[in-house]
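Subject: Structure handover

Hello,

Here is the structure you asked for, with its sequence. My notes on what was found follow below it.

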Amino acid sequence: DREAGVLAAVRAGTALVPDMVRQLYVGVNERLYKAAGRSVLSHLIKLQQDGLVVPEGGRPGVKVRWQPV
């Protein structure tokens with residue numbers, strides 16, 4: 001479910017991991033956002049491997065903008 005949420009966020013125009021975290025982890029204590037960001041990034045890397053998203057500049061990262069393919 002989380003992967004589907006990450007993909008939906010990217011398709012809706014949310015391009016940065018911190019913005020996705022705030023959108024996907026509503027009601028979660030902000031102290032957990034760093035771990036949530038790593039989780040979102042891992043989903044993005046998998047989605048990249050599946051050919052569904054691409055990171056700006058070709059290198060995945062938390063501070064990189066992501067786009068749907």
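The largest nonpolar core has 16 residues, and Met20, Val40, Leu44, Val53 and Trp66 touch the most other members. A nonpolar core here is a set of buried Ala, Val, Leu, Ile, Met, Phe, Trp, Tyr and Cys residues joined through side-chain atoms within 4.5 Å. Buried means under 20% relative accessible area, exposed over 50%, and partly exposed in between, with a 1.4 Å probe and protein chains only. Two or more core residues come from each of α1 (2-11), α2 (17-24) and α3 (33-49), and α3 gives the largest share, 5 residues. Helices (H or I, at least four residues) and strands (E, at least two) are DSSP runs, numbered from the N terminus. In soluble globular proteins, nonpolar side chains tend to be buried together.

This is a predicted model: local features need pLDDT of at least 70, side-chain atom pairs count only at pLDDT 80 or more, and totals for chains, interfaces and linings use all residues. Residues are numbered from 1 along each chain as its sequence is written, and side-chain values use heavy atoms, leaving out hydrogens and water.

Which residues does methionine 20 contact, leaving aside its neighbours within four places in sequence? They are Val6, Ala9, Val10, Thr14, Ala15, Val40, Leu44 and Trp66, where contact means heavy atoms within 4.5 Å.

Met20 is buried in α2, as are Val17 and Val21. These three cover an arc of only 105 degrees around the axis, so they are on the same side of α2; the arc is that of the directions from the helix axis to the C-beta atoms. Their cover includes α1, α3 and β2 (66-68).

The axes of α2 and α3 come within 9 Å and cross at roughly 110 degrees. Axes are lines fitted to C-alpha atoms, for helices over the stretch in contact, and angles run from 0 to 180 degrees between N-to-C directions. The two helices are therefore roughly perpendicular (65 to 115 degrees; under 35 is roughly parallel, over 145 roughly antiparallel, the rest oblique). On the α2 side, Val17, Met20, Val21, Arg22 and Leu24 meet Tyr33, Ala36, Gly37, Val40 and Leu44 of α3.

The axes of α1 and α3 come within 10 Å and cross at roughly 75 degrees, which makes this pair roughly perpendicular too.

Regards
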